[in-house]
2 protein chains.
Amino acid sequence: MNKRDEALRRLEEFALKLLEQIENKQPPYMEIPSRTLSNTVWDPERKMLLLGPAKFRRELFDMKEARKFMQTVLMLKLLVQAIREGVYPTIRDLYYHGKHTIEFIDHLGRKQKENTWDEQTESNAVLQDIEVATGLLREEMGISADVKGKMVGPIIVRSRGYEIDCTRMGEGAFGLPPNPDDLEIVKIEATYVLCVEKDAIFQRLNREEFWKRENCILITAKGMPDRATRRMLRRLWEEYKLPVYILTDADPYGWYIYSVYKSGSIALSYESERLACPGAKFIGLTTSDIIEYRISDEYVIAATDRDIKRATELMKYPWFQSPHWQKELKLFLKLKKKVEIEALSTHGFKFLHDYIIDKIHHGKFID
Amino acid sequence: MNKRDEALRRLEEFALKLLEQIENKQPPYMEIPSRTLSNTVWDPERKMLLLGPAKFRRELFDMKEARKFMQTVLMLKLLVQAIREGVYPTIRDLYYHGKHTIEFIDHLGRKQKENTWDEQTESNAVLQDIEVATGLLREEMGISADVKGKMVGPIIVRSRGYEIDCTRMGEGAFGLPPNPDDLEIVKIEATYVLCVEKDAIFQRLNREEFWKRENCILITAKGMPDRATRRMLRRLWEEYKLPVYILTDADPYGWYIYSVYKSGSIALSYESERLACPGAKFIGLTTSDIIEYRISDEYVIAATDRDIKRATELMKYPWFQSPHWQKELKLFLKLKKKVEIEALSTHGFKFLHDYIIDKIHHGKFID
């Protein structure tokens with residue numbers, strides 16, 4: 001049974017429970033884990049934000065939940081339909097295909113109209129409910145999404161029967177599929193994974209064959225990571241125990257990107273269990289690097305109010321509580337200076353390589 | 001001689017002219033085509049905005065141009081250095097590596113300081129000057145940049161000796177290199193190229209094997225196209241005479257994306273000669289499609305003031321002067337409605353395929 005069929009089976013199982021209730025003349029309800037902040041728990045051992053044990057009941061015969069009940073069943077139907085039809089809709093396709101007006105006669109005999117949903121936020125919310133209720137990610141259901149991730153280096157994967165050797169992409173790269181779980185990893189010879197924030201830096205390092213020199217897998221998601229890239233990174237760390245190093249600009253936005261890779265986002269903690277990569281280590285740039293690597297003031301950028309605000313927020317996150325991070329964030333708030341990766345080029349075009357190697361091989365990273 | 005060495009030769013040639021002038025005790029100058037709006041000419045035959053014949057002289061002994069003269073020579077040095085060192089810097093690397101303070105004694109014996117450049121706009125401007133003066137694109141010099149383009153379908157390319165068969169990417173894709181001119185096209189069996197605005201639609205069509213069914217090359221740049229994707233599309237159209245079809249949302253932003261693929265941007269007309277794809281045809285969505293494909297009002301989005309402003313601008317562009325486009329833009333300004341590609345899913349998840357095939361095979365496109 002392939003993975004999408006397995007997802008189909010679990011979606012049908014979820015729906016069958018409702019059918020059983022109806023056949024047994026019980027008021028239909030579904031049990032859904034709460035995606036509320038109060039049910040979001042930091043697990044210090046696994047170093048992840050996870051959903052807690054709280055669940056709620058969505059009942060058809062509850063005026064406050066009836067519309068959402070209808071929406072959840074509609075979304076279930078759409079998901080099952082897509083798998084059966086062999087198509088790979090986006091969440092926006094689901095929204096449009098499911099959007100229509102229901103006409104019905106109410107208990108007083110009046111003709112009524114009700115939209116299935118008006119906004120995509122509504123259809124997205126019930127999709128998330130189904131994800132947490134079934135323990136399936138949307139990717140496993142075959143939902144398509146934007147993919148930003150690219151990868152090169154000593155790894156061979158198989159997709160739809162084709163073997164893809166990521167050492168043989170030349171100056172191009174392998175663009176990740178929407179669901180990296182569908183990739184069979186045939187062979188890995190890399191000793192670590194280097195994940196860079198900036199696409200242009202990825203291009204440089206690929207063309208300069210950094211991954212060959214270092215025998216590493218090079219990966220990027222061009223800024224804020226998409227789910228596919230996060231899932232791929234997680235798999236490399238979890239299944240192959242590869243060390244994962246993240247390289248970003250020295251600014252709160254870069255550090256936030258690191259934290260999304262490492263621990264996920266607070267709003268979507270239910271994804272973390274599958275998408276977060278708590279073993280990821282940060283190799284810079286940090287504010288200390290400005291001093292450590294003698295980046296003079298003319299290459300430094302003044303922090304904006306937004307940077308300051310974001311850094312203050314980061315200081316409160318559970319995964320920024322280590323003394324090392326607290327020291328860095330305080331230093332940033334004191335100096336109010338940020339630096340781009342490219343500023344390393346003030347020491348010559350090749351200094352970027354030296355920097356990364358120094359950081360990784362001398363253990364100069366933050367956990 | 002590989003292509004980068006050829007670029008090196010032309011950069012050195014440009015620099016040698018200056019050296020000759022100095023050795024001949026002439027005041028050094030360089031001749032640079034004007035990148036001004038008044039020197040931007042619409043060529044109705046080639047259907048492109050091109051740079052006109054106007055050139056200007058940048059002279060060292062001209063107080064207004066002396067600093068820019070210095071910057072241009074500095075940029076020349078950096079470009080030559082990068083090729084000789086075998087590195088592939090980004091424009092931001094060039095900015096940082098070139099940024100420093102020159103100290104000198106002026107004609108009155110006073111110590112003076114002058115920054116090579118303060119902002120990246122300055123270093124970018126002289127890079128553009130060198131591009132137009134030498135007729136080389138930055139890509140040919142090996143400058144790295146963000147790459148958004150992905151490609152799948154019946155095309156085999158060679159990069160750094162590796163053959164990459166874009167029918168064998170499974171659910172992934174081939175991520176284009178920064179300079180598609182470095183790709184040797186080994187074999188093409190496609191009958192046309194389908195370029196889609198949205199990455200998620202690209203993912204869907206790839207997974208649903210639309211390109212196999214239609215024997216076409218599928219390409220995306222995820223929104224506003226980057227230079228690499230534009231260059232790749234241009235090559236497929238120019239060198240292989242493949243019809244190119246563009247699919248975007250029905251809104252002025254989508255149409256603008258189409259126009260960038262087709263004709264480039266007014267501000268950077270000098271690139272058009274190499275990056276524009278004047279043969280590209282637009283297969284929708286158009287405002288008429290709302291009526292033609294019976295997309296009911298509940299799936300339609302109200303146009304914003306910005307949409308209206310942009311549509312009014314588009315109406316003035318030379319490449320939107322055809323009666324067909326003028327009719328469409330007027331209809332948009334009248335109805336003030338826009339529609340997303342995904343709205344086609346109201347007719348079923350598979351309707352997207354039917355739509356594209358109908359548009360292409362029944363010639364329902366705009367030139």
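Visitor: What should I know before I start?

Guide: This is a predicted model, where local features need pLDDT of at least 70 and side-chain atom pairs count only at pLDDT 80 or more, while totals for chains, interfaces and linings use all residues. Residues are numbered from 1 along each chain as its sequence is written, and chains are lettered from A and ligands numbered from 1 in the order in which they are written.

Visitor: OK, how many helices and strands does chain A have?

Guide: Chain A has 13 helices and 17 strands. Those are DSSP runs numbered from the N terminus, with helices being H or I of at least four residues and strands being E of at least two. The C-alpha trace of chain A spans about 80 × 50 × 35 Å along its principal axes.

Visitor: Which domains does chain A get?

Guide: Domain 1 covers 3–141 and domain 2 covers 150–361. The bounds come from an automatic or database domain assignment. Taken over C-alpha atoms, the centres of the two domains of chain A are 34 Å apart.

Visitor: How many residues of domain 1 are in contact with domain 2 in chain A?

Guide: In chain A, 15 residues of domain 1 are in contact with 18 residues of domain 2. Contact here means that the C-beta atoms, placed from the backbone, lie within 7 Å. On the domain 1 side, β2 (40–43), β3 (48–51) and α4 (120–134) of chain A each supply at least two residues, and β3(A) gives the most, with 4 residues.

Visitor: And what classes of residue are on that side?

Guide: The domain 1 side that touches domain 2 in chain A has 7 nonpolar, 1 polar and 7 charged residues. Ala, Val, Leu, Ile, Met, Phe, Trp, Tyr, Cys and Pro count as nonpolar, Asp, Glu, Lys and Arg as charged, and the others, Gly among them, as polar.

Visitor: Switching topic: is helix α5 of chain A buried or exposed?

Guide: Buried: 9 of the 9 residues of α5(A), residues 199–207, are buried, so this helix is largely enclosed by the rest of the structure. Buried means 20 or more other C-beta atoms within 10 Å of a residue's own, exposed means 12 or fewer, and partly exposed is in between, with C-beta atoms placed from the backbone.

Visitor: What covers those residues?

Guide: The cover of α5(A) includes β7 (150–152), β10 (173–175), β12 (192–196), α6 (210–214) and β13 (216–220) of chain A. After α5(A) comes E209(A), with a positive phi near 55°.

Visitor: Now chain B. How many of its residues are in contact with chain A?

Guide: 48 residues of chain B are in contact with 48 residues of chain A. On the chain B side, α5(B) gives the most, with 5 residues.

Visitor: Which strands pair across the two chains?

Guide: β10(A) and β10(B) pair in the antiparallel sense over 3 bridges. Strands pair if DSSP finds at least two bridges between them. One bridge joins G175(A) to A173(B).

Notes
Contact = placed C-beta atoms within 7 Å.
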